[in-house]
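Please walk through this protein chain with the model open beside you.

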Amino acid sequence: MKRATLLLGIAGLICLLTAACSDLHFMADASYRSRVEQDFQQKKALMPQGDLFAVFDTDLTTYEQEALKFLYAYMPLADITDYPGEFHLMNVRASRQAEAEMPWGKVIPEDVFRHFVLPVRVNNEPLDSARVVFYEELKDRVKSLSLYDAILEVNHWCHEKAIYTPSDARTSSPLATVRTAYGRCGEESTFLVAALRSVGIPARQVYTPRWAHTDDNHAWVEAWADGKWYFLGACEPEPVLNLGWFNAPASRGMLMHTKVFGRYEGAEEVMSVTPNYTEINVIDNYAPTAKATVTVVDEQGKPVADARVEFKLYNYAEFYTVATKQTSASGTCGLTAGKGDMLVWASKDGRFGFAKLSFGKQPELTVTLNKKDGDAFSVDIDIVPPAESANLPEVTPEQRAENDRRPAEEDSIRNAYTATFLTEETAGAFVRSLGDGLKEHEAGSAVKYLVASRGNHAVLQDFLAKAVAGGKGSLAVSLFGEVSAKDLRDVRIEVLNDNLENTPTDVTGDYYYSSLLNPRISTEELTTYKSFFQRVLDKETQAAYRTQPQKLVEWCIRNITLNDSLNSQRIPMSPEGVWNARIADRRSRDVFFVAVARSVGVPAWIDEVTAKSAIKTLSIIGI
């Protein structure tokens, strides 16, 4: 079942040009267009189930068809299985509208637009209609500005909407971040990229997997203006670009990268190429760098082809892999990094070796595969991070004064919105208005959950009021207690209703709430999977799976094709999407198994230690 994504303003997003524009190409380069067509056809052939490419049978212009083929050719599985083709077409039309209406639309090169404006996905967030919503709010605010100043202004707008607050690893959608009014750096940067792209400004999320000098990491944004990429801290407005609190730590960084949607042929150093994205190295934008070549040899000194070479930073008391390369036929690979030390770990066929590499001091390094699995060894390694060399852009006193003035105004706008959230007093008054359908301790818990829901409080209020009226108030409060704090802030009422009304009630024991009533399995977007599977599975099949879960395991093995490569970012597919497509990455397949088990009344979960599915008997189900 496709997710019910809001399709806003489709009628207003039809091509603004004349009918003659229908033959314009989205990709002018015939050779690149041919490669995309090849990749698209290969993807389509791998996904024959579920009528997932039906949008291509509708009335599309040449531009729309090529843009959609580019998107579908490189989308992760979830974006094809869980969002209707009309959703992706809406975003193609919205990006083209922004290109036509914004003054910079005609100066952005085709390849920059293709990879950094058109794609909706930024990270691993659920997709939503943010492009359309944000465009309506931002277009008049930025259309008279230069591209450089428009980037700054969009970031001011984002600061009006959200500020930094740490949270769990699941990434909220841009609209959910706005509704919550805060997010961690990964969510803020996803939000800013979505906002910039909504008005036709090329943008990308940049990430340092680990700092070299301290135990931490960070994500921020780069935006393109007048032929150059600039960086900025998301929701942290500064008077100029290339300025943020992280200038100094970034100058000590050893690796920054970004994942570019599709096959990218830009000038940056390529870290890796997957069926979904091209990972590129952008460290040169932040710190003095050097390139080093690593040669891997066997104990006889002969070059080793196809060896795995991991470049590791010391962080959080471990050597953490920040880049992985494969050696060429000559046994070599290379990396550009900041001028500090890394550990290089090479391996192949059970043999491995390692050595320290000092970028800027050692242009070449040889690693010998002279150890085997099980060997005991110890070694002292002195790891030195790069020296600080921050290069701060010039800021005039007038620019600084203006930028210092605006945050207070932006805070007041955001605070006026958050003032509409429930407080303990207002939440308590609401719970009391429901009568005596809740016990005292349940009422106290309900107040806590309502306050924690922030901008999503109306959803929880509506759900709780109807549950109490239907005599299920206690169960509703228990359901609130099982989902995460972030779920309270963005869960849809359809999901809450699905689990309240369709969770079997004839199961008892400690696992009922955490592993049966609970809609959350992993980091997937919550959907109405229980009603779905109770509808598509006949009563006899449900009964068989409930009494003999191994039959469900066997069905999964026979019917679901595993393909991790088509989901390089491990973006969770919905259980409904797996059912329709009959193809999934391994984690999504396991989530599917748990969802079906819960739907038929078997408490189930994914064991985070073994990463395998488990059921009520505590037996581990390996699929």
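Residues are numbered from 1 along each chain as its sequence is written, and side-chain values use heavy atoms, with hydrogens and water left out.

Begin with confidence. pLDDT is the predictor's confidence in each residue, from 0 to 100. The protein chain has a mean pLDDT of 93, and 94% of its residues reach 70 or more. Over residues 4-20, however, the pLDDT is below 50. That stretch still has 31 contacts in the model beyond near neighbours in sequence (contact means heavy atoms within 4.5 Å). Where pLDDT is low, the predicted coordinates should not be read in detail.

Now take the start of the chain. Helices (H or I, at least four residues) and strands (E, at least two) are DSSP runs, numbered from the N terminus. Leu24 sits in the segment before α1. Leu24 is partly exposed, at 44% relative accessibility. Here buried means under 20% relative accessible area, exposed over 50%, and partly exposed in between (1.4 Å probe, protein chains only).

Two residues stand out by their backbone. Most residues other than glycine have a negative phi. Asp51 is not a glycine, yet its phi is positive, about 55°. Asp51 lies in the loop between α1 (30-46) and α2 (62-74) and is exposed, with a relative accessible area of 58%. Tyr316 also has a positive phi, near 50°. Tyr316 belongs to the loop between β10 (308-315) and β11 (318-326). Its relative accessible area is 44%, so Tyr316 is partly exposed.

Next, a helix pair. Helix α4 (residues 85-101) packs on helix α6 (residues 130-142) at an angle of about 25°, with axes 9 Å apart. Axes are lines fitted to C-alpha atoms, for helices over the stretch in contact, and angles run from 0 to 180 degrees between N-to-C directions. The angle makes α4 roughly parallel to α6 (under 35 degrees is roughly parallel, over 145 roughly antiparallel, 65 to 115 roughly perpendicular, and the rest oblique). The contact residues of α4 include Met90, Ala94 and Ala98. On α6 they are Arg131, Val132 and Tyr135.

Then the sheets. Two strands pair if DSSP finds at least two bridges between them. β9 (residues 289-297) and β15 pair in the parallel sense over 5 bridges. Thr295 has Thr366 as its bridge partner in β15.

Another open sheet has 5 strands, ordered β11-β10-β13-β14-β16, with antiparallel pairing. β11 and β16 (371-372) each have a single partner strand, so one side of each lacks a neighbour in the sheet. Within this sheet, 8 bridges join β13 (residues 341-348) to β14 (residues 351-358). Leu343 has Lys356 as its bridge partner in β14.

Finish at helix α17 (residues 493-502). Its buried residues are Ile493, Val495, Leu496, Asp498, Asn499 and Leu500. Their cover includes α14 (457-469), α15 (473-482), α18 (511-517) and α19 (529-536).

Terms used
Predicted model: local features only at pLDDT ≥ 70, side-chain atom pairs only at ≥ 80, totals over all residues.
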